[in-house]
Amino acid sequence: MFKKILIANRGEIAVRVIRACRELGVLSVAVYSDVDRASLHVRKADEAYHIGKANATESYLNIEKIVDTATRCGAEAIHPGYGFLSENAKFAQACADAGIKFIGPSPASIDLMGSKTRARREMQRAGIPLVPGTSAGVESYEQAQQTARQIGYPVMLKAAAGGGGKGMRLVHSPEELKPALESAQSEAGGAFGDSEVYLEKAIINPRHIEMQILADEHGNVVHLGERECSLQRRHQKVLEEAPSPIVGEEMREKIGDVAVRVATAAGYSNAGTIEFLVDENKNFYFLEMNTRLQVEHPVTELITGLDLVHLQIRIASREKLPFQQEEIRIRGHAIECRIYAEDPDNNFFPSPGKITLLLSPSGPGIRRDSGMYEGWTVPLEYDPLLAKLIGYGTDRQQAVGRLLRALNEYFVGGIKTNISLFRRILSDPDFQAGKLDTGFLDRLLARETPVSADGNSEIAAIAAGIFAVLDSAPNSSQVSTGTLSPSSNGMAPSTWKKAGRTEALR
Amino acid sequence: MNYEVRIDDKLFHLELDRSEGQWHCKLNGTAINIDAVLTRTNVLSILLEGKAYEIRRELTINGLHLWVGSSRYSAEVRDPRSLRHRKDGTVGNKGPQMLTAAMPGKVVRVLLQEGAQVEAGQGILVVEAMKMQNEIKSPKAGRIQKIMVATSHAVNAGDLVAIVE
């Protein structure tokens, strides 16, 4: 086992990995940019080093600086988290060259799966079912036009180096192709430094189902069941759950077998995810493999009882998988909500800023992986993911009920978040019936927001007045958490209450 | 204390007094029994005839908001004795419209030229922030009088980026 691990990431995932390190008795090292000195991962780690400017290319994407920091502080391994350098083969190679273990697959596996076009060719050879389309990048608008005509509209444009929906466009008709191609290439170039884009036949409103796999460095590969990730906005996952409402034991075994074959064909080791599109007849097609830990890994952890980050670290230190496929049991149901700093009432515009008040949920079946705290200013330079709220229950219905309850306890003040969106999703009859596809969220959002006519404006008015009185009263506007001042805060029992109790006692 | 309180578009007259830690409250002339405790900064627990409420206060550049359960109410509190008065912040759709950046970011594309005709809701330029690209759209149909920024310019929240007339 390693003695010290550097985490080349920030936000909730850095905190997640730091916690795993502490649980395993491994020292953790955080790295941070100019704007992240006060971020939670820096506060939680055993050591922390500054690596550069706010712009990610000069800090969290700076391979040389990160490897150098790891060497100087004596870290034996680097965990890349997700995003940033997690799927960068050059980074994995640079770690190996410096004698540092990269906690993830080999550079060759990352390279293969990192190019979606190469992965398609490889998987075609291995006999894996694929969506019809090109297995090479689009060279010109004219060529794209021709290919699109051949496979038939609608088509999907995708960044070859892609992930997270960046550089991805759905094209319904020939007129839309040119602007879509230009913006996809521009976005892909900006996000990945590679503007290669390829074409695929678009399966309209498919389900998006992915398989978690684990592979050790001794040739053992298992799958940990599927996750349903059909709830997306702009091809960005918003809510994920496991197991999928439509996947039974038999289908799980079938997709799981394919996933294991994909991982084996790629010579894969460590944790990985194979994404599939599933059409209405439950046919599934290989979409891509993510060669890293996924944002939504907690739902799999809850239903399998396994800790994926612990296992990633154990695998990287050359341990064998401690179980076989037959020993993996799926129990209960888990759902994850991605809490983003964005405004659902204003077209989901990002909303960085200072968190002035934070009330966090807890209680049965609730897990919260968070990178924020009260008083922290959310920087504008990075992904707006603040935290993940995960509900677990014996069955799907209980998980939904627990999440709705927890969402009502959750309050993030000072910035906008998408918490209200999850109340809408989880209360939706189709969602509750498990009728999901990738068009679900757009349809939900196209419907008018239900007016919250809960008639609490009177209580709001009274509260506004009380706050004003307390603000103007000396020494009462500042109340330190946990201490109550009876004289200034109305702690004395009201006569009405006294009378009421007397009445009740009769 | 007497207050004029506006919650969304409803106006309330509120009389509040506190003696010996007990609140006396009249809302629009009707006496209401309440018990209130500030449990932490910006969080108020109110019992109204036995019904429990937790009210959270949020103060941002967009003004004062109160949250009751999962509902958000915009609020304005006026002390009639005070001379401070707020201007009505609503703006009509007539005349030239100033388009401002809603948050800091970088201009990645300018979609239309000065002088071009626009439809309501049509994108004029694209700003990238937090790795997402967002279009700034025209609030009305008209003509683009001026565009203040160019590709790769950095913008701050509230910066004027274009004028549509």
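Mentor: Two strands pair if DSSP finds at least two bridges between them, and both strands (E, at least two residues) and helices (H or I, at least four residues) are DSSP runs, numbered from the N terminus. The model is predicted, and for that reason local features need pLDDT of at least 70 and side-chain atom pairs count only at pLDDT 80 or more, whereas totals for chains, interfaces and linings use all residues. Residues are numbered from 1 along each chain as its sequence is written, while chains are lettered from A and ligands numbered from 1 in the order in which they are written.

Trainee: In strand 9 of chain B, which residue is the bridge partner of L64(B)?

Mentor: Strand 8 of chain B and strand 9 (residues 71–78) of chain B are antiparallel partners, joined over five bridges. Their hairpin has two residues between the strands, and G69(B) takes a positive phi near 60° there. The residue of strand 9 that is the bridge partner of L64(B) is A75(B).

Trainee: And in strand 8 of chain B, which residue is the bridge partner of I55(B)?

Mentor: Strand 7 (residues 51–60) of chain B runs antiparallel to strand 8 (residues 63–68) of chain B, and six bridges join them. Within strand 8 of chain B, the bridge partner of I55(B) is V68(B).

Trainee: Which residue has a positive phi in the turn between strand 1 and strand 2 of chain B?

Mentor: Strand 1 (residues 2–7) and strand 2 (residues 10–19) of chain B pair in the antiparallel sense over six bridges, and N2(B) stands opposite E15(B) of strand 2. The two strands form a hairpin with two residues between them, and the turn residue with a positive phi, of about 50°, is D8(B).

Trainee: In strand 3 of chain B, which residue does L16(B) stand opposite?

Mentor: Strand 2 of chain B is joined by six bridges to strand 3 (residues 22–27) of chain B, and the two run antiparallel. The hairpin that they form has two residues between the strands, with E20(B) in the turn at a positive phi of about 50°. In strand 3 of chain B, L16(B) stands opposite C25(B).

Trainee: Is I462(A) buried or exposed?

Mentor: I462(A) belongs to helix 16 (residues 457–472) of chain A. Leaving aside its neighbours within four places in sequence, I462(A) is in contact (C-beta atoms, placed from the backbone, within 7 Å) with L14(B), C25(B), L27(B), I34(B) and I46(B). A residue is buried if 20 or more other C-beta atoms lie within 10 Å of its own, exposed if 12 or fewer, and partly exposed in between. I462(A) has 28 other C-beta atoms within 10 Å, and it is therefore buried.

Trainee: On the side of chain B that touches chain A, how many residues are nonpolar?

Mentor: The contact involves 52 residues of chain B and 47 residues of chain A. Ala, Val, Leu, Ile, Met, Phe, Trp, Tyr, Cys and Pro count as nonpolar, Asp, Glu, Lys and Arg as charged, and the others, Gly among them, as polar. On that side of chain B there are 11 polar and 10 charged residues, and the nonpolar residues number 31.

Trainee: Are helix 4 and helix 5 of chain A roughly parallel or roughly antiparallel to each other?

Mentor: Helix 4 (residues 89–97) and helix 5 (residues 107–114) of chain A pack at an angle of about 175°, with their axes 8 Å apart. These axes are lines fitted to C-alpha atoms over the stretch in contact, and angles run from 0 to 180 degrees between N-to-C directions. Angles under 35 degrees count as roughly parallel, over 145 as roughly antiparallel, 65 to 115 as roughly perpendicular and the rest as oblique. Helix 4 and helix 5 of chain A are therefore roughly antiparallel.

Conventions. Contact = placed C-beta atoms within 7 Å.
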